[in-house]
Amino acid sequence: MSASYIMALDLGTTGNRAIIFDQAGQIVAQSYKELTQYYPEPGWLEHDPREIWDDIRWAARGVLDKAKVSASAIAAIGLTVQRETCLLWDKETGRPHHNAIVWQDRRTAPLCNELRAAGKADEIYNRTGLVLDAYFSATKLAWLLDHIKQYTDPPLYLEKTLAGTVDSWVLWNLTGGKVHATDHSNASRTMLLNLQGHDWDPNLLDMFSIPRHIMPEVKPSLGLFGYTDPDFLGAEIPIMSVLGDQQAALFGHGCDSPGALKCTYGTGAFLVAHTGNEILRTNHELLSTIAWSVAGDGKPKVGYAVEGAMFTAGACIQWLRDGIRVISHAADTEPLARRIGTNGGVYFVPALSGLGAPHWDMSARGSFMGITGGTRREHLIRAVLEAIAYEVKEVVDAVNAGAPTPIKELKVDGGACQNDFLMQFQADVLGIPIERPAILDTTAQGAAFAAGLASGYWKDYRALVATRGIERVFEPNDQASEPQDNYAMWKKAVERSKNWCE
């Protein structure tokens, strides 16, 4: 059988997915499994790396069965992953030394505060484009190294240890331990990559006491990473792209030039704008990062992006379902929010993992404000949805403040953007159209597009992006003044949630 399909492996924060795409860029079949979340202490969040690997292997085999195709029909694999989540493992046995520390985890906030007090924040920002925050991988890896040294002989342990984000862990397993690598988009989220030099920064490795030899090789996002071990699917399949999830979504939307941007409503909300070959700085409010890189003769071609990372979006809805159990299903939020015509004066601050852009307050915590005796669960649910739209508005305002022309349209994707109430409210708050694609798995689609283009399966990026269907455009309601008016009150609530844990 000829190689007729592209497979995307999408390793997210809450689940792992495998999707097969055909020549037209459409989904043939997909397989998904939810990932267990571990909360060992308040503010801590971990994943079991073995579960991640077992689940993606299960999903990849399952999607072949669903599509009724053999592994030999897959021309290439594209890999996209949750970013910043990181781990250490033994390169001889493949055994993780500890659970992976997830990007939302706040355990290393004290180390960040120490570095800030020592005057290191500006140096880190200048070298990496990132704000000094526990969100990124560097302090997590430092914590893991320090923790593991307590029960092992450090020299022997470091000699056998490999470090990496989730992409490096899965890539190492996919190739049977032959490849220890990452790509520029994921590496730029570790707080260890020099944004201009495109490789690990020796000063930062020293600052965090991380030996260079345990770090993966940094490779172009689009290019050959290696081949799957035959034990994985029964064939050697080239792995032709590796991308961080938000960069993959940017690629999938066709946002490859300055001014093009998207917002993904996943576990968090991530608004990313491409800035071409220029590094855009926004004075610590937004992140400067690498969009993706393309392999070529000599040095890879690197494109940059600016990003507003909001830590809690879809996770708020998951918390309503699994935490306080006021809903049974995520889809329940829309009819319940519509049942009442107002938020009843209730405002929610989505700081379940601190506040990201543009505040960067690791000590903030989530809160409902304005609760009275007349507050019903519908008000709480509506306040949560409104808060997601408001936090995105904050970041759009920050992007507009530094852009030569204001944002005129927002492309969206991710699970939470299925909520029509949220999308219409977002359009009303921003005063611009919201474009929702027919395929909401833009992250996986972007990884597939990248792998297919890098392998020669597809030839024309613009033509490929043009095949994507638009399911709906939400136009702003000029008569809807209340969402705009309530925004000022919501910002007041945000200010009162700050510095809660100090």
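This is a predicted model: local features need pLDDT of at least 70, side-chain atom pairs count only at pLDDT 80 or more; totals for chains, interfaces and linings use all residues.
Three cavities of 30 Å³ or more are found in the structure.

**Largest cavity**
- The lining of the largest cavity is made up of 13 residues, of which L355, G356, A357, H359 and E391 are the closest to its centre.
- By class, the lining of the largest cavity comprises seven nonpolar, four polar and two charged residues.

**Second largest cavity**
- The residues lining the second largest cavity are L141, G164, T165, T182, N186, A187, T190, W200, M215 and P216.
- Strand β8 (161–165) and helix α7 (184–187) each supply at least two residues of that lining.
- The lining of the second largest cavity has five nonpolar and five polar residues, with no charged residues.

**Helix α13**
- Helix α13 has 26 residues, which should span 38 Å at 1.5 Å a residue; the C-alpha atoms at its ends lie 39 Å apart, in agreement with that expectation.
- Of the 26 residues of α13, 21 are buried, so the helix is largely enclosed by the rest of the structure.
- Buried here means under 20% relative accessible area.

Notes. Residues are numbered from 1 along each chain as its sequence is written. Side-chain values use heavy atoms; hydrogens and water are left out. On a 1 Å grid over the protein atoms alone, a cavity is a set of points where a 1.4 Å probe fits but cannot get out, and a pocket is an open set with protein on both sides within 12 Å along at least five of seven lines; lining residues have an atom within 4 Å of a point. Grid points are joined across faces, edges and corners, and a volume is the space filled by probe spheres set on the points. Ala, Val, Leu, Ile, Met, Phe, Trp, Tyr, Cys and Pro count as nonpolar, Asp, Glu, Lys and Arg as charged, and the others, Gly among them, as polar. Helices (H or I, at least four residues) and strands (E, at least two) are DSSP runs, numbered from the N terminus. The expected span of a helix is 1.5 Å times one less than its number of residues. Buried means under 20% relative accessible area, exposed over 50%, partly exposed in between (1.4 Å probe, protein chains only).
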